[in-house]
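Dear colleague,

I am handing over the structure below, and I would be glad if you looked through it before reading my notes.

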Amino acid sequence: MDTQSSDPNNQHIIENNLSLGQALLPVFALIGMLAYNVYVYGDSALDGSNQFILLMGAAVAAIVGYFNRVSYKTMVEEVAQNIKSTSGPILILLMVGALSGTWLVSGIIPSMIYYGLQLLNPSIFLAACVVICSIISVATGSSWTTSATVGIALIGISEALGISLGMTAGAILSGAYFGDKLSPLSDTTNLAPAMAGTDLFTHIRYMLYTTVPSIIITLIVFIIIGLNLDTPDQVNTQKILNAIDSAFTISPWLFAVPLLVVFLIIKKTPPLVALLLGTLLAALASIFFQPHVLNQIAGTDVLSISSAYRGIIDSITVSVQVPTDYTALNDLFSSGGMYGMLGTIWLIICAMTFGGIMDAIGALSRISKALLNLFHSTFGLFSSTVISCLALNVTASDQYLAIVVPGKMFAKAYKDKGLAPENLSRTLEDSATVTSVLIPWNTCGAYHSGVLGVPVLSYFTYAIFNYLSPFMTLLFAALNIKIRQLKNNKTSLA
């Protein structure tokens, strides 16, 4: 993912003499409250009510902690530490909001959509999304950057073509997380082998056994879906192209900005720096390419320094819209700016509050230990690892903790079973990294749904690679395929 400012290896685990029932009580309370809240509010649950429910879940956890003599100070400090660890993602979210606004008014996103409509046939569009996002994510090592750049453009093309946004977001995230898993530039790809006790490139090579079949199945499914889509006729597509051309100055030169951003990420430039430069360069491009759009936003007829400034700052900070002759495009050519990201930031803060208190009272450690003791066979060990990672993505709301906690807890168990550490590192990635985006209140789920503008529940079914990966690793374990054994301090494949 490559987003957080704190070092994931510094994540610590708090242990306490908590019973399993006490550790699970806040989880069941949260799930019950969230289920009822979604029943009442439906798709608007993330507008604020779910955030409050997460705080109520944190309150239940705090009560459990109080009766187990965990001090209020300890809980607050752990919450503060958790929220501090998300300072990077929060700043990135704000910068993505700024970038999406300037990329709209500069004509970068409209140009991507304009050319994409001509190049991407609707029948292969979803499969193309997987391939494009896979390449970008491998190159950058970041699923977050992939969503914030090509992901936004692909969502725009999808909306113009009349293809389901849920399908498109699922294809984007499938490709983005395939690349994130395998890229040596990704922090999660580095973190998993560090926790398990193996080296980076052994881990990457070993992941190919489960990751390649998963992405192949994903591509086949999206090809089948694409071939059975109802595609719009050429007349409607031409109307869309004409509307875009009349509202914006379309130019291939505008692609220089996103290409530069991707290049900076590949060169390991901090994401915040790359996104800020992308925002500023797009703002400059808007003055040269889209002065009429800046006038529209500023509400003036003649471009001046003050009107250009107002148009750019409004696109960065608040909601703006560029109307076209094609009504269906008006929602597409709108951006919430930094303001539009505040709801997602709110969700992340509340989720990390719940995760912080769960960690402070020792619930995360207790749940992981229970899962570790639940199974005794090799397949059972893999199963308990997967379940533990999924549980922590739900309860801790943090992808890093979902890797760190099971990684530390299960490392000795794998060694005692005579299993090489890359078995654990692969399972951590197959179950923790990729499933984080499927949880609405997890930092990854909140981020991607906020950036792409598609609720998690809408893309959940179509994020095929993400939920296929843990099943693939369990299938390999059940059939004893490519399970590497420890032999006299060396390894061999079963």
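What share of the contacts in the chain with a separation of 6 or more is accounted for by residues 24 or more positions apart? The share is 78%, and please keep in mind throughout that this is a predicted model.

To begin with the chain as a whole, its secondary structure comes to 23 helices and 4 strands. A compact globule of 494 residues would have a radius of gyration near 23 Å, and the chain agrees with this because its own value is 23 Å. Its C-alpha trace spans about 70 × 50 × 40 Å along the principal axes, and buried residues make up 58% of the 494 residues. The chain exposes about 19500 Å², of which carbon and sulfur atoms supply 65%.

Just after α9 comes Gly197, which takes a positive phi of about 95 degrees.

Ser147 counts as buried because its relative accessibility is 0%, and, if neighbours within four places in sequence are left aside, Ser147 is in contact with Ile152, Ile172, Leu173, His448, Val451 and Leu452.

Turning to charge, the chain has 20 positive and 24 negative side chains, with the centres of the two sets lying 18 Å apart, and the count of salt bridges comes to 4. One of them joins Asp430 and Lys181, whose closest N and O atoms are 2.3 Å apart. This pair links distant parts of the chain, since Asp430 lies in helix α20 and Lys181 in helix α8, 249 residues apart, and both Asp430 and Lys181 are buried.

Another salt bridge is formed by the side chains of Lys73 and Glu77, at 4.0 Å from N to O; these two residues are 4 residues apart in helix α3, so they are separated by about one helical turn. Lys73 counts as exposed at 59% relative accessibility, whereas Glu77 is partly exposed at 47%. Arg310 and Asp314 also form a salt bridge, their closest N and O atoms being 3.9 Å apart. Here Arg310 is partly exposed, with a relative accessible area of 48%, while Asp314 is buried, with 19%.

Note on methods. Residues are numbered from 1 along each chain as its sequence is written. This is a predicted model: local features need pLDDT of at least 70, side-chain atom pairs count only at pLDDT 80 or more; totals for chains, interfaces and linings use all residues. Side-chain values use heavy atoms; hydrogens and water are left out. Buried means under 20% relative accessible area, exposed over 50%, partly exposed in between (1.4 Å probe, protein chains only). Contact means heavy atoms within 4.5 Å. The radius of gyration is taken over C-alpha atoms; the globule rule is 2.2 Å times the number of residues to the power 0.38. Accessible areas come from the Shrake-Rupley method with a 1.4 Å probe; for residues, only the protein chains shown count as cover. Lys and Arg count as positive and Asp and Glu as negative; His and the chain ends are not counted. The place of a charge is taken as NZ of Lys, CZ of Arg, CG of Asp or CD of Glu.
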